[in-house]
Each structure stands twice: as structure tokens, then as C-alpha cells.
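Me: I would like to go through a structure feature by feature. Please give the general idea each time, then the case at hand.

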Amino acid sequence: MRRRQQPPLPKRHGLDPARVRMPEDGRWVTVREFLVATEPRMSPDRIDEMFDADAIVDMQGPVSRDTAYAPGGAVWFHRDLPVETVVPFDIPIVYRDDTILVIDKPHFLPTIPRGGHILQTALVRLRQELALPHLIPAHRLDRVTAGLVLFVIDPTVRGAYQTLFQDRKVRKVYEAVAGYDPALHFPREVSSRIVKEKYDFAAREVAGEPNAHTTVELLDHRNTLGHYRLHPTTGRTHQLRLHMNSMGTPIVGDDLYPHPTDRAVDDFTEPLQLLASTMEFTDPLTGRSRQFQTSRRLDHALT
């Protein structure tokens, strides 16, 4: 396995600097010209400020506005952070040893930095609060889904735990509160083909060979709502939300399926009633059976 190049700048706010590689066929004269042309989120004035502050570096140290473009080379710098609304919920720790960390993620907190969510993510907050700069998630949950997430503390073994999830060797159970249809019989198997385009936030079900499978159990029902236990055997984007919606029983609080609602990012009311409640696997290092359980309860749970 190719060893990852260590960045020449320290982490900031628990985050590595951005690495920007210069293409071999680039025809820019200077590094500044290259960055102005390829970094649209940064104004030329801001790029100049960073050069003046020695905040743009290569492996030899700070580079200047006049540094020659180096085909195949790279520079590093810390991007400016977006303005974020604080997610006002704690991150309970379910389990911790020298190797792994299991948390009970709250609703509305992303697992990892993405887009406008950087500092207010589980990864960055945990790196800072626990002084674990090399912490990395073995998998992730949607921002609006609550429940169990496993992180790896020891970077030398992160691959072993990430592979568990990639190879579907982790048994995950979810709970959901969603619509109830007395015409449906449970337990039932739901399978479909789910695709997710790169720049489209929503996933969708299409014709073709199924690539997503979920077993749905009904625990209880009252009036128009049901309390369900979900057993996914695959991990497609928004799989559980799409499968519940496809039965005509969308999950309570879903702002995307069946229709987007454009909820404000700082609206923390009415969370999605979906919870990653149980996680089981055989530890790849010790061979021991591991089982973790959430302490959370869905607001609309009937049982």
C-alpha cells in the first residue's frame, strides 16, 4: 500500500490542510496564476493575503506569488472556514479503548466535514474535544440520522475496521417511526436499485438489478403511525428512507422523501425519526464479538 504523504502544515481545528496538485500539462507560469484559475472559492485578493502570510507552502516551505509553476508538484494551505450554526447537542460516548471509539451521534450533526459543515461535524468536534488528531470514522451516518457511529483511534488499523463495513460484515439495526398502512404485512423484504448522482443530494430508485436490500419489521402501530425495526443488508445512500417511502410509509420528519421541504439548516425541530440502534461485529484484531446499543429513543416512538 502506498504511504500517504504527510502534509507540511499542522492540523488546524482538527483538520488537515488542503493539498492541491498541479497538473503535469499545466501551462501556468506561477503558482499564483494556477491557484487564481483553479480555486474559484478564493478571490485573488485572498490568495495574495495568504501568500503574504506564508500560508501557502510546498514540501520545502512557504511559496511566494512569483514561485514558478511546477508540473506534478503540490501546494498545501488551510481553506477559510464557512460560517456555521452551532449544533447544540452533545456527543455521548458509548465505548472507548485505545483502538476504537463508538459514539451515539445526535440528529442534525454530520459525521464528517462536507460543504458548509466543517467544525460542526462529529469528526472535528471529537478530534478537538478528546485530543485525538488522527481519529477517523470507519463509516458514517446521514446528518439527520441519529445513533451509533464507530471511529478508529489508532491510524495503523483503520483499514481493518473500514473493511468490515465495506464487506458488509457489520450487523446494523435501525428503528424508525413512519406512516402505517394496514394493508401491508410484516416482516417484509424491500429490494430496489438505488442510484445517487454526484451533484444531486437526493438518491432515487430506478429500474434494474436490485443493489439495496432491507428487512422491515413492524413493532407497534397507533392510528396512522408505525414503529419499525429495519435490518439493512446493504448500505446505499438514503436506502432506509427510500425503502420506507416506496411502501407509501415515509419516515416522520423526512425533509427529502417523498418531497424536499427546504428546511433551514439551523432548524433543529422535528428530527428525522430514524435511529441507528444496534451494531454488532467480530473484532478484526481480537476476534471478539462486539455489540453496541444506543441509549437514544425516538421522539415519536410508540413502544
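Reply: Start with pockets. A pocket is an open set of grid points with protein on both sides within 12 Å along at least five of seven lines, and its lining residues have an atom within 4 Å of a point. Keep in mind that this is a predicted model.

Me: How much space lies in the largest pocket, and which residues are the closest to its centre?

Reply: The largest pocket holds about 1700 Å³ of space. Its lining counts 50 residues, and Arg140, Leu141, Asp142, Thr237 and His238 are the closest to the centre.

Me: Which helices and strands supply at least two residues each to that lining, and what is its make-up by class?

Reply: Helix H4 (158-166), strand E9, strand E13 (225-232) and helix H5 (239-246) each supply at least two. By class, the lining of this pocket has 18 nonpolar, 17 polar and 15 charged residues.

Me: Now cavities. How many of 30 Å³ or more does the structure hold?

Reply: The general idea: rolling a probe the size of a water molecule over the atoms shows where empty space is left. Here there is one cavity of 30 Å³ or more, and the largest cavity has about 30 Å³ of space.

Me: Which residues line the largest cavity, and which strand gives the most?

Reply: The lining consists of His139, Leu141, Leu148, Lys172, Tyr174, Ala276, Thr278 and Met279. Strand E14 gives the most, with three residues; strand E9 (171-179) and strand E14 (274-282) each supply at least two. Sorted by class, five lining residues of the largest cavity are nonpolar, two polar and one charged.

Me: What about the largest nonpolar core: how many residues has it, and which have the most contacts inside it?

Reply: In soluble globular proteins, nonpolar side chains tend to be buried together. The largest core in this model has 32 residues, and those with the most contacts inside it are Ile103, Leu126, Leu135, Phe151, Leu230, Met244 and Leu274. E6, H3, E8, E9, E13, H5 and E14 each supply at least two residues of this core. Take Leu274 as a case: leaving aside residues up to four places away in sequence, it touches a set of residues including Tyr174, Leu230, Leu240, Ile251 and Leu298.

Me: Why is helix H3 said to be largely enclosed?

Reply: An α-helix has 3.6 residues a turn, so residues three or four places apart point the same way. In H3 (residues 122-129), six of the eight residues are buried, so the rest of the structure largely encloses this helix. The buried ones are Ala122, Leu123, Val124, Arg125, Leu126 and Arg127. Their cover includes strand E6 (100-105), strand E7 (136-137) and strand E8 (146-152). After H3 comes Ala131, which has a positive phi, near 55°.

Me: Last, aromatic pairs. How many does a search of the whole structure find?

Reply: The search finds nine. One of them joins Trp28 and Tyr69, a tilted pair at 5.6 Å centre to centre with 50° between the planes. Trp28 is in the loop between strand E1 (18-21) and helix H1 (31-38), and Tyr69 in the loop between strand E3 (61-62) and strand E4 (74-77), so the pair ties together parts 41 residues apart in sequence. Trp28, Phe34 and Tyr69 form one aromatic cluster.

Me: Are Trp28 and Tyr69 buried or partly exposed?

Reply: Buried means under 20% relative accessible area. Tyr69, at 9%, therefore counts as buried, whereas Trp28, at 28%, is partly exposed.

Notes: Residues are numbered from 1 along each chain as its sequence is written. This is a predicted model: local features need pLDDT of at least 70, side-chain atom pairs count only at pLDDT 80 or more; totals for chains, interfaces and linings use all residues. Side-chain values use heavy atoms; hydrogens and water are left out. Buried means under 20% relative accessible area, exposed over 50%, partly exposed in between (1.4 Å probe, protein chains only). Helices (H or I, at least four residues) and strands (E, at least two) are DSSP runs, numbered from the N terminus. Contact means heavy atoms within 4.5 Å. On a 1 Å grid over the protein atoms alone, a cavity is a set of points where a 1.4 Å probe fits but cannot get out, and a pocket is an open set with protein on both sides within 12 Å along at least five of seven lines; lining residues have an atom within 4 Å of a point. Grid points are joined across faces, edges and corners, and a volume is the space filled by probe spheres set on the points. Ala, Val, Leu, Ile, Met, Phe, Trp, Tyr, Cys and Pro count as nonpolar, Asp, Glu, Lys and Arg as charged, and the others, Gly among them, as polar. A nonpolar core is a set of buried Ala, Val, Leu, Ile, Met, Phe, Trp, Tyr and Cys residues joined through side-chain atoms within 4.5 Å. Rings of Phe, Tyr and Trp (its six-membered ring) pair if their centres lie within 6.5 Å; planes under 30 degrees apart count as stacked, over 60 as edge-to-face and the rest as tilted.
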